Amino acid sequence: MRLFRASVLAALLPIFATPLVHAAEAEPIKIGFFSHLSGNFAEYGTSFKNAVELYLDQLKEKGGIAGRPVELLIEDDRNSPQEAATVARKIVGTPGVVLAIGSWSTTSSMAAAPIFAEAKIPQISPTSSHPDFSKQSEYQFRQNNTDDILAQYNADTIQKKLKANTVVIPYSQDDWGVYTGRETAKAIEKAGGKVPILESVQPGSRDFRPFISKIRAAKPDGVFLALPYQEASIFLQQLRQAGIDVPVGGGIPLTSPKFIELSGKAAEGVVLHTIFFAKDPANKEFTEAYQAKYGRLPDQFAALAYDAIAVGTAAIQRVIESGKPLTGEAVRDELENGPPYKGVTGVTEYENGNVRKDPVFITVRNGQVELF
Amino acid sequence: MIELFFSQVLNGLAIGQVYALIALGFSLVFGVSNLINFAQGALFMLGAFFAFTGVTWLGLPLVVAALISIALVTLLGVLLESVALTPLANGPYIAPVLSTLAIAIIVDQLAEIIWSPEGRPFPVPFEEHTFYIGGAYITSTDILIFVFGVLATVALTMFLTRSWLGRAVRATAQDRDAAAQLGVRTADVRRLAFALAGTLGALSGILVALYFKSVFPQMGMPFALKGFSAALLGGLTSIPGAVVGGITLGVVETLASAYIGEGYRDLVAFSLLLLFLLFRPQGLLGDNRLNALGGLGAASGSMPSTSLLASASSQRFQHRVWDLPPWGFLAAGGLLALLPLLTQSNYVLQAFTYAMIFALLAGSVTVASGTLGVLSLGHAAFYGVGAYGVAVLGHTYGWPTELAFPAAVILAAAVACVAALPLYKLSGHAVALGTLAIGQIGFLVFMTWLSVTRGPMGFLNIPAPQFEWLGGLRLGTLAEKYWMVVVVTAVILFIVQRLLNSEMGRAWRAMREDRLAVHAAGLPVRRYLLVGFAVSGAMAGAAGGLFAYVQSVISPDSFNVQVSLLLLTMAVLGGLGNLTGAAAAGFVLTLLPELLRPFAEWRMIAYGIFLLMVLRWRPHGLLGAR
């Protein structure tokens, strides 16, 4: 029996034992990336991956980080918290990883957060907007505004830009929608507005006519869509179909080009806020490079991921230049205490892992987004 | 107020007619072949996507594209019957249902790969008009759907009542063997029914695409679920019933959305389905003609009180069964407990932890579906109750593990018991629909009961297991949690295997084979059924509790209908009723995808094909149904 056990051990060892490798000078710097690359909403995750790879290509031409090449470990979390936790284990289990970028949804990012905190590897989520994400530990960072700041921008969009004081808000029954709907309504009411209908919509819903009949009866000045782009586009079409032509405002998810594609004519005149506007001359270099490589305009998600990897690699560079050993801890300290970084989505300066970026307001005219 | 009410009813009629169209396809197939066709949703989705492809990629006019699409999907309907169902004619009764399920999984995933998972705008070639009636409105698309719906229903009714072929279809539906003896080619009739189901599926798919002006590869499943519900509400085998059922469902859920809240819409729809199953299982227009034979469900089994799953076991012919003795699970657990000594990799440990949790889950499904003979498509609900139990008690109330974990397990067992009450009256396919409704209701409750489950956000930072009675022993690291999972899983499987080998297990299997006979033999059938469900629910609840502790984050997405389907697949692959088989299938099928991670999008397709192959060549599962 002992012999048997020993032979099993011997057979399994090469599979599971992780060799101890000391980082050599020309050793590649390893960065983990995880987001949803398949399944529903895969478009967002693909934008992330495209942008990160674009940045790393550009970095490679400049000679990598302090002369060392970068190796990106790409994992698909299928937008599921369970998968996100699994791939996070896989990333932290790979020797030499000092930074992780991911994930798209707050839920998946938070499922992965304790694993990165335990492994002392900083995690930058380009898009997790729930305030709780960066409270997980000092290893969590984000690139976008938190939902409480966004809620104020949402309220500004509909109240200040579209001059609607009585606003109906349908929100998506998911982590982002529940918080956004509630906080946006609060912000509107605080500024003296009214929210006669604030109601949730199940993800994947397609038939909004009962809701819309209620809107017809309530006669609001405006509608704010706290919905993902698929639901929002159908909602908007059915709203216009019912002959309701009040102004409509929307949040971050609607900045995806898919929103305009799916809504068609109904999207005309919708006002959104964004921290990345592709036609801004200041972002020309990034926009052109992205379009040349992938044949489409970058969306806000791509821009946030681009800034996330830029901020992260800059922190790694500072660690190497300072002569300190390259560890996740050292990278974290540089992220937290680093100088402000001007990226394509505004300035990143971390305070407890959070950023504050000013929005621009955009509108849809003739099937194109323009500054409002 | 009254005006708003009427406009809401009108909205309900508009969506209701869409459901009615989908329900027609189900009723037709169910009437003729006594089969719940899960692939109907896939046919529906393909109808929409073929038309979409014709219009946007090939530049065809919509009418031409629609006709081509309908023709193609009609052929696919025939193909479905001859490839996936005919070869299984002499297999277990359950095989055809699972076969359509496998096809649905494969087609849905292929569609995501071919057309990408994103929604696409569906070009509408005509200008849309909206007509106002006071505060209510209808659109030209509604009228179009209405016209086609009426035409389809009238044509179908005329065909079934006035033509000889239609008469043959009805005769086959009433009694296949008698029809065959009178010279009806029943195989052809079946094929015809599937062809018509394809035609109706494609037609409704295209009309729905026009209604929503967009197409989504994921549109099959949600509309299929509504279609089932509508067909069942109307009375599964009745053509006018499908129409009435669809419209009832549409109006009820619209009113729910209007007066309770949009977020409660599906919850009300599936609760209505469950209520109907409980109090009027024959549906609104269904007749009592089959009651003499044991009611609706019995129409599908060989004997009135026999479960659909009966012949999955030894009835037809002998086959070998491989299974472990009870202590075998303890031994396997002992071996697995060595793993943390062999590897430092948390990734490997996490993968094995999930594999064991799914082994327990698949075991839970095999007890309900295999041993008790109640085809379960809703086990994710019990799994979720366990997970949320631990989360609420451990996180919100701060209970120590030795209290929170058993409490969560007992809660899951109790929920399973209550859920089994309506199922007791049902048999055959109606049971499967009942469990499907229970699964959906569970998921929707996790989603909407914000004050307890925290809704879609779920729970974060569920504390690590901590035992007060063991001096505050805390299992913080993954290796420690892994050991907890090993111990709990092995001990539960050991106990359950002992139960299955005992008189209790024999009574359960006897009930599956012939409930009436068990009753006649003086055994309390109902009590046994409830106990069986409690055991199965407790197993799923324990798996859920472990999952919550290991993951420390839970959200409703982990407990949706896809999980239920996956678990059933595992149980079937392992051999229904065979605990060893289920545990092995759950373990391997959770671990295997980790190795094949780069091929993630092909994973579900591989499952589907594997399932089809097993149904064809080893209908009793890999380790043999027990």
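The model is predicted: local features need pLDDT of at least 70, side-chain atom pairs count only at pLDDT 80 or more, and totals for chains, interfaces and linings use all residues. Residues are numbered from 1 along each chain as its sequence is written, while chains are lettered from A and ligands numbered from 1 in the order in which they are written.

**Chain A: domains**
- Chain A is assigned domain 1 (8–145 + 283–348) and domain 2 (147–274); such bounds come from an automatic or database domain assignment.
- The C-alpha centres of domain 1 of chain A and domain 2 of chain A are 32 Å apart.
- Between them, 11 residues of domain 1 of chain A contact 13 residues of domain 2 of chain A. Contact means that C-beta atoms, placed from the backbone, lie within 7 Å.
- The domain 1 side of this contact in chain A has two nonpolar, seven polar and two charged residues. Here Ala, Val, Leu, Ile, Met, Phe, Trp, Tyr, Cys and Pro count as nonpolar, Asp, Glu, Lys and Arg as charged, and the others, Gly among them, as polar.

**Chain A: open sheet**
- Seven strands of chain A form an open sheet with mixed pairing, in the order β7-β6-β8-β9-β10-β13-β14. Strands pair if DSSP finds at least two bridges between them.
- Helices (H or I, at least four residues) and strands (E, at least two) are DSSP runs, numbered from the N terminus.
- β7 (198–201) and β14 (368–371) of chain A each have a single partner strand, so one side of each is left without a neighbour in the sheet.
- Neighbouring strands of this sheet are turned by 25° against each other on average, direction ignored.
- β10 (residues 271–274) and β13 (residues 360–365) of chain A run antiparallel and are joined by four bridges. A:Thr274 has A:Val360 as its bridge partner in β13(A).
- Helix α6 (residues 175–190) of chain A lies across β6 (167–172), β7 and β8 (222–225) of chain A, at about 165° to β6(A). Axes are lines fitted to C-alpha atoms, for helices over the stretch in contact, and angles run from 0 to 180 degrees between N-to-C directions.

**Chain B: domains**
- Chain B is assigned domain 1 (2–120 + 197–266) and domain 2 (310–617).
- Their C-alpha centres in chain B lie 30 Å apart.
- Domain 1 of chain B brings 24 residues to the contact and domain 2 of chain B brings 21 residues.
- α4(B) supplies the largest share of the domain 1 side, 10 residues.
- That side of domain 1 of chain B has 19 nonpolar, four polar and one charged residues.

**Between the chains**
- Chain B gives 51 residues to the contact and chain A gives 52 residues.
- α1(B) gives the most to the chain B side, with six residues.
- The chain B side divides into 19 nonpolar, 24 polar and eight charged residues.

- The largest nonpolar core has 334 residues; A:Ala305, A:Tyr306, B:Ala362 and B:Ala412 have the most contacts inside it. A nonpolar core is a set of buried Ala, Val, Leu, Ile, Met, Phe, Trp, Tyr and Cys residues joined through C-beta atoms within 7 Å.
- Helix α8 (residues 186–212) of chain B gives the most to this core, with 17 residues.
- Not counting residues up to four places away in sequence, A:Tyr306 touches A:Ala51, A:Leu54, A:Tyr55, A:Phe286 and A:Val344.
- B:Trp449 lies in the loop between α17 (428–448) and α18 (450–453) of chain B.
- B:Trp449 counts as partly exposed, with 13 C-beta neighbours inside 10 Å. Buried means 20 or more other C-beta atoms within 10 Å of a residue's own, exposed 12 or fewer, and partly exposed in between, with C-beta atoms placed from the backbone.

Notes: Two residues are in contact if their C-beta atoms, placed from the backbone, lie within 7 Å.
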